[in-house]
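Please keep the sequence and the structure in view while reading.

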Amino acid sequence: MKLPIVIISYKSITVLDKCLSNLGNDREIFIIENSDYFELKEKIEKKFKNCKVIINEKNYGYGKAANIGFQQLNSKYAFILEPDIIISKNQLIEIEREILNCDEDFALATPLYDDLIDFNKNNDFDKNLDKKDLNINKIENKTKIDLIKGCSLIVNLEKFENKYVFDENFFFFYEDIDLCKRVKKMKENIFVFNKIKIFHEGAKGVNPEINQSYIDFRHWNFFWAKFYYIRKHYGYPYALIKHLSKLIRFTFNCLRFYFISKIEYKKNKFRLLGLVNSILCRKSHLSKKILEK
């Protein structure tokens, strides 16, 4: 078994090079580039012969790009990674062994990493997704969990019709939480493999030259996605009530910081814009203009 890998990129050539150098050259790797960065395709495919780079030419967001990657595969399983994940060839072999030896069927799985531990322990995304204390020192090889992150995700493609795994209305943030919510409704398993620990650098999957735009982009998308997620699963009125205080606070903070702190003003401005656009049921892909500036 050779687990194929899908990596979502946005102008991340430096980070990609570091990631790919650890993965070996004996498995299929598909890189879905959410821009018209053709130079990335040329450099990566020349250096890493087992890699195929698909250029989307525009930013489709994480979920749609991932679905495009899954369509390229003929395998039962796929391993989707963000480029700032550090994982070795030997760890990939261990993961393949865990999948083959797994005594229970599953829809999603992942190896362990530090921010997954924090992600579960401090989960306040959805009260109906149970928190879990994860620990690499556990005796069991795997732990059943409700919540997993999209930065490292083993997907059983047979569980999803036509390999459409993610809700493409999400552009960035909450698509993994939404996926877990749907998998739980499907009554399918989600596992973390306790004995394999990888490293996630976190929020370093893009070119450092666009870091400030990326920060603004993240503020916009987080609150767009949070409102949409609650609206999707619990209804519009409940989502509006849950976010009313944030709407007031972000508006007040924009007025408060306009003259005294550019950083705080921009943070609250983009949070407000993301939330308002979601309340108005506008598409999340509007946020890509922030990165294009």
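This is a predicted model: local features need pLDDT of at least 70, side-chain atom pairs count only at pLDDT 80 or more; totals for chains, interfaces and linings use all residues.

Strands of a sheet pair through backbone hydrogen bonds, and the pairing can be either parallel or antiparallel. Here, strand 4 (residues 77–81) and strand 8 (residues 152–156) are paired in the antiparallel sense over five bridges, and phenylalanine 79 stands opposite isoleucine 154 in strand 8.

## Helices against the sheet

How many of the 10 residues of helix 3 (residues 62–71) are buried? The count is seven, so that this helix is mostly covered, and the buried residues are Tyr62, Gly63, Ala65, Ala66, Asn67, Gly69 and Phe70. These buried residues pack against strand 1, strand 2, strand 4 and strand 8, and also against helix 6 (175–185).

## Charged pairs

Side chains of opposite charge can pair when their charged atoms come close. Over the whole structure, a search finds 20 salt bridges. One of them joins the side chains of aspartate 26 and lysine 2, with a distance of 3.0 Å from N to O. Because aspartate 26 lies in the loop between helix 1 and strand 2, while lysine 2 belongs to the segment before strand 1, this pair ties together parts that are 24 residues apart in sequence. Aspartate 26 has a relative accessible area of 30% and is therefore partly exposed, and lysine 2, at 44% relative accessibility, also counts as partly exposed.

Aspartate 26 also meets the side chain of lysine 89 in a salt bridge, at 3.8 Å from N to O. Lysine 89 is in helix 4 (residues 89–101), and the pair links distant parts of the chain, 63 residues apart. With a relative accessible area of 33%, lysine 89 is partly exposed. Elsewhere, salt bridges that share partners join Asp167, Asp178, Arg182 and Lys232 into one network.

Lysine 18 forms a salt bridge with glutamate 201, and the closest N and O atoms of the two are 3.3 Å apart. This pair, too, links distant parts of the chain, since lysine 18 is in helix 1 and glutamate 201 is in the loop between strand 10 (199–200) and helix 7 (211–234), 183 residues apart. Lysine 18 counts as partly exposed at 44% relative accessibility, and glutamate 201 counts as partly exposed at 25%.

Which residues make the nonpolar surface patch of about 430 Å²? The patch is made by Tyr258, Phe259 and Ile260. Isoleucine 260 is found in the loop between helix 8 (236–257) and helix 9 (262–279). Is isoleucine 260 buried or exposed? Its relative accessibility is 62%, and because exposed means over 50%, isoleucine 260 counts as exposed.

Conventions: Residues are numbered from 1 along each chain as its sequence is written. Side-chain values use heavy atoms; hydrogens and water are left out. Patches are made of residues with over 30% relative accessible area and no salt bridge: like charges are joined within 9 Å, nonpolar side chains (Val, Leu, Ile, Met, Phe, Trp, Tyr) within 5 Å. Accessible areas come from the Shrake-Rupley method with a 1.4 Å probe; for residues, only the protein chains shown count as cover. A salt bridge is a side-chain nitrogen of Lys or Arg within 4 Å of a carboxyl oxygen of Asp or Glu. Helices (H or I, at least four residues) and strands (E, at least two) are DSSP runs, numbered from the N terminus. Buried means under 20% relative accessible area, exposed over 50%, partly exposed in between (1.4 Å probe, protein chains only). Two strands pair if DSSP finds at least two bridges between them. Contact means heavy atoms within 4.5 Å.
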